[in-house]
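This report covers packing, cross-links, charged pairs and backbone exceptions in one structure. The sequence and coordinates come first.

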Amino acid sequence: MTNGNTLFLNGIDLELISIVIDGDQPNYELQDEGLQLYQLKDEFVLEVVNRIHPEVNTSLNGLYQSSGNFCTQCEAHGFRQITYYLDRPDVLSVFTTHIIADKDKYPVLLSNGNLTKTSAGKVTWHDPTPKPSYLFALVAGDFAVLEDSYTTLSGREVALRIYVEAHNISKTQFAMDSLKRSFAWDELRFNLEYDLDIYMIVAVDDFNMGAMENKGLNIFNSTFVLADPKTATDKDFINVEAVIGHEYFHNWTGNRVTCQDWFQLSLKEGLTVFRDQEFTSDLHARSIKRIEDVNALRTFQFAEDAGPMKHPVRPESYIEMNNFYTLTVYEKGAEVIRMIHNFLGESGFQQGLKLYFERHDGDAVTIDDFVASMSDANDFDFKPFMTWYSCSGTPSVSISSNYNEKEQSLQVSVKQLGECTYFWPLNYALFSEQGEKIKQGMLTVDQKQQEFVLTGVTSNPIASWLRDFSAPIKLATELTVEQKIVLVGCEEDAFSIWDNAQQIWLSMILTPNKVNEVNFFNALEKFINTTTDKSLVSEVLTLPSERLLHQQVDVIDVFKIHQQREAVIQKILNRFESLLLAIYQSLINTDAYELTPEAVGNRSLKNTCLHYLSQAGYLQLVNEQFNQANCMTDQIAAFNALLGCENPYQGHAKEIFYQTYKDDVQVMDKFFAAQSTAKLTTVSDVERLMTHELFSFNTPNRLRSVVGGFTQNYINFHHQDGYEFFTDIILKLNRSNPQIGARLVSAYNHWRRFTPELKQLQKQQLERIIQTKNLSNDIFEIVQAALK
């Protein structure tokens, strides 16, 4: 930061060897967080030589090693671990990178932009596009490469390259195809073309996040690149495609137009998540994608909104920026963009996006600049809408209605219950008691309490509110369980069908006396037998997770909630065992693997049935699927089911799975996660997993699969020995990778809402952590907020 004739350059854990300004020794001071320069001219040439040690960098920020190869992660503050620099997103510079390395050990030397010079062990890359330091990338290593090309609409020939470790090259074709689909989709949907002559992806096993959109040189967690039917599930394939799309789409929404400061993070991430959601929706099953996104939002982001680290989509402060790469910034941010799209429609949104790029291409801007473009292009006043960016927490809304038979109208009262007043779209449809649709539309809500009158309502309706989840709110309505049952049977909107079924399941689990089970099961059976969308049937048959159930109660009794959910599973089996078996058998086939919506839906429903049947004792059936499966989707479903209860097949299945896939890193992550989350797994079992020859504490994916997985194993994690084990892990991560430690320690965030004994035990662990000497900012910020 400049101040008069001084300049501060960020720098952490650097050994300064020499510093020269215009050929002379400058006046400078080394400080804990960087380098302070004094008595500077308006213009000068600064030359700094410093030494770093990537071979011992376990934080996986800056320059580090993965499987012997060098790579970088510079967002948000990683570049300052490479050299002294103005490490902030609004400082845009042209980078020229010279790389010198042992040509035998590191034959592949990559950086951003275009390769301008090359010789044995020496290369120069020049990126003509000004960029912030967080988009800098460097890779040096021994990789195999899959090469292809793409011709843009304007005729530019773009070389496409995906670099992976040699033994993984056979699993890269789907990623390449996904990249080409991303190029084509962004041209077709948003008229946005790529602007360089080369686009590269490098996959590494050691990576804190999912991927990084560095200009022209994306660096990926290998989980989101490598896929074939034998080793990847349907969800893996779709996630690979989505993440490759997400990082490519950043070329415009994040790289060419970037953030003025890190408080604007959702400017690039919320917008790009919306774009990757649309990409997946356009290529696959839109209705199922919407259900999956909303389910994840309610399960994880709503919990974040209700916890100690809740913050607005545009945060106002932070201690450690890495802690604000959150579901609120990304997923809720995408829902905010989706509401803008709902208000403006596809054409209006496109006009706004076009104006945004015309005004700001090459700039570092704010969320306000984006919203202003949307507003100006459509003559639409979004000023009241900005509450979504400034207020934290999930809005709670209640809706009541009164039918006037004489006037054939419905008076609707919408009340926003929190401190903030939000501006949002409310999609709705009205149905008769016989399930016939009377009318549908969208209401614009912009007041604390608001009245609407809907006319032409020919009978007292059953109202379906918030269709397609038109706003990220918690909604309370006057609908009875019986009316929700009617909507499950008559709604056309897949989200509303699923949502009403979920609400009934929640009532059955938490307040069983309020549900007429016979009526619901009758309607459910009719729905199953008449619905052709197998993916939707699978979603409707899937109960709310225990994690979601925890949000629905004032006091979290982990063991009671688990028992209540298990009781409903038994009720389902009592009524539907024969039907589930018949559906399962009808969906068995030996067809070659396809990723079509129909094939994905068939496997999804088949494996949902298998999950229930495994709990009814059909373990030989499960074992047969495990042994005969022709794709990972079916095999891992059977493997998880076999680990869910005591049975004679379990030990053999573990051995077969391990021996078959022990050389595949991604499948071994599944192997460890299946065991850590299994209902029979104890702390001792997890400790044994951590002594396994393939367990690596410093590999984030492996650590998440074991330790992160166990924190979701609620009935076994939530004990004193579980907490003590977990806290030991956090304190070890404090020394090696505090960013991952901060992500994991959030498992304690809702400690105040647990039963008294567990509440006290979790508090003791948080106090133990906060009292630790040299606690990192990453972990301190999370724990301090939890204890406040």
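This is a predicted model: local features need pLDDT of at least 70, side-chain atom pairs count only at pLDDT 80 or more; totals for chains, interfaces and linings use all residues.

In soluble globular proteins, nonpolar side chains tend to be buried together.

Which residues does Phe385 touch, not counting residues up to four places away in sequence? With that exclusion, the contacts of Phe385 are Val336, Met339, Ile340, Phe343 and Phe423.

## Helix α24

Helix α24 (residues 756–770) has 15 residues. From its first C-alpha to its last, α24 reaches 21 Å, close to the 21 Å expected at 1.5 Å a residue. Leu758, Leu761, Gln762, Gln765, Leu766 and Ile769 are the buried residues listed for α24. Seen down the axis of α24, the buried residues fall within an arc of 140°, so they line one face of the helix. These buried residues pack against α13 (558–586), α22 (720–736), α23 (738–745) and α25 (777–787). On the face of α24 turned away from the buried side are the exposed residues Pro756 and Glu757.

## Cysteines

How many disulfides does a search of the whole structure find? The search finds one. The disulfide joins Cys391 to Cys420, with an S to S distance of 2.0 Å. The link of Cys391 and Cys420 is left-handed, with -85° about the S-S bond. Cys391 lies in the loop between α7 (387–390) and β21 (396–404), and Cys420 in the loop between β22 (409–416) and β23 (424–431), so the pair ties together parts that are 29 residues apart in sequence.

Cys391 counts as buried because its relative accessibility is 12%, whereas Cys420, with a relative accessible area of 22%, is partly exposed. Cys71 is in no disulfide, and the nearest cysteine sulfur, that of Cys74, is 10 Å away. Cys71 counts as buried at 1% relative accessibility. Cys490 is also buried, with a relative accessible area of 16%.

## Salt bridges

The structure holds 45 salt bridges.

| Pair | Closest N to O distance |
|---|---|
| Asp282 and Arg286 | 2.7 Å |

Are Lys131 and Asp127 buried or exposed? Both Lys131 and Asp127 are buried.

Asp664 counts as buried at 12% relative accessibility.

Asp282 forms a salt bridge with Arg286. Asp282 is partly exposed at 37% relative accessibility, and Arg286 is partly exposed at 35%. Salt bridges that share partners join Asp282 and Arg286 with Arg189, Glu278, Arg338 and Glu346 into one network.

## Backbone exceptions

Most residues other than glycine have a negative phi, and most peptide bonds are trans. The following sites depart from that pattern.

A cis peptide bond joins Glu75 and Ala76, with omega about 0°. Ala76 is placed in the loop between β8 (69–73) and β9 (93–100).

Gln39 is not a glycine, yet its phi is positive, about 55°. Gln39 sits in the loop between β5 (34–38) and β6 (46–51) and counts as exposed because its relative accessibility is 62%. Asp468, also not a glycine, has a positive phi of about 55°. The loop that holds Asp468 runs between β26 (462–465) and β27 (474–476). At 32% relative accessibility, Asp468 counts as partly exposed.

Terms used: Residues are numbered from 1 along each chain as its sequence is written. Side-chain values use heavy atoms; hydrogens and water are left out. Helices (H or I, at least four residues) and strands (E, at least two) are DSSP runs, numbered from the N terminus. Buried means under 20% relative accessible area, exposed over 50%, partly exposed in between (1.4 Å probe, protein chains only). A disulfide is a pair of cysteine sulfur atoms within 2.5 Å. The expected span of a helix is 1.5 Å times one less than its number of residues. The arc is that of the directions from the helix axis to the C-beta atoms. Contact means heavy atoms within 4.5 Å. A salt bridge is a side-chain nitrogen of Lys or Arg within 4 Å of a carboxyl oxygen of Asp or Glu.
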